[in-house]
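The sequence and structure come first, followed by the terms and the findings.

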Amino acid sequence: MSRPVQFNEKVKLVEMPEGMTGEGFFATSLDKVIGLARKNSIWPLPFATSCCGIEFMATMAATYDLSRFGSERLGFTPRQCDLLMVMGTIAKKMAPVLRQVYVQMAEPRWVIAVGACASSGGIFDSYSVLQGIDQVIPVDVYVPGCPPRPEAILDGVMRIQDLVGNESLRRRNSEKYKELLNSYGIQ
């Protein structure tokens, strides 16, 4: 009699960071260990205004299950989150609010622009719609689509994980990063 439960045989294990291994020890750099911990415990802050928010809800549901990637805990206060996920149409009146939410997040922080509206204004080429959130805050990953499928949102989160895992601990203190924030008027 065959078992009714099917097991996933295509499980992919996370590779250990580069280092030296031996009988009973493992040594690596602090950057690699912290990067591995950060990339598997990202706390997203959803900033959803339109139909992309509905797709994000589907991404969090059981079929796609964003919690498999260490992003199970959604935060609804910027001080507890490190990934800002902007989804949907952002009006120009909302731009200062979005910027304030970004500034209130603790470093290190990352941003995903989900969907055509957050990335480029989408089909709304009007005086009242912000033509891309990168006009007010720096964006790390753009997820295309109108609205994007949950698979695309998962791909964007995985790209953020790659960026987080490979980021140096000193990047946020570099002159180049400070210049980037200054170009947006953020101290």
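## Terms and model

A residue is called buried at under 20% relative accessible area, exposed at over 50%, and partly exposed in between, using a 1.4 Å probe and protein chains only. The model is predicted, so local features need pLDDT of at least 70 and side-chain atom pairs count only at pLDDT 80 or more, while totals for chains, interfaces and linings use all residues. Residues are numbered from 1 along each chain as its sequence is written, and side-chain values use heavy atoms, with hydrogens and water left out.

## Cysteines

The search of the whole structure for disulfides (pairs of cysteine sulfur atoms within 2.5 Å) returns zero. C51 takes part in no disulfide, and the nearest cysteine sulfur, in C52, lies 4.9 Å away. C51 is partly exposed, at 43% relative accessibility.

C146 has its closest cysteine sulfur in C117, at 5.5 Å, which is too far for a bond. With a relative accessible area of 55%, C146 is exposed.

The term covers a side-chain nitrogen of Lys or Arg within 4 Å of a carboxyl oxygen of Asp or Glu. One joins R149 to E151, with an N to O distance of 3.3 Å. Both partners are partly exposed: R149 has a relative accessibility of 47%, and E151 has a relative accessible area of 38%.

Another pairs D155 with R159, with 3.0 Å between the closest N and O atoms. These two residues belong to helix α5, residues 150-166, where they are four residues apart and therefore separated by about one helical turn. Helices here are DSSP runs of H or I with at least four residues, and they are numbered from the N terminus. D155 is partly exposed, with 32% relative accessibility.

Which residue forms a salt bridge with R171? The partner is E167, and the closest N and O atoms of the pair are 2.6 Å apart. E167 counts as buried, at 8% relative accessibility, whereas R171 is partly exposed at 29%. This pair is part of a network in which salt bridges with shared partners join E107, R109, E167, R171 and R172.
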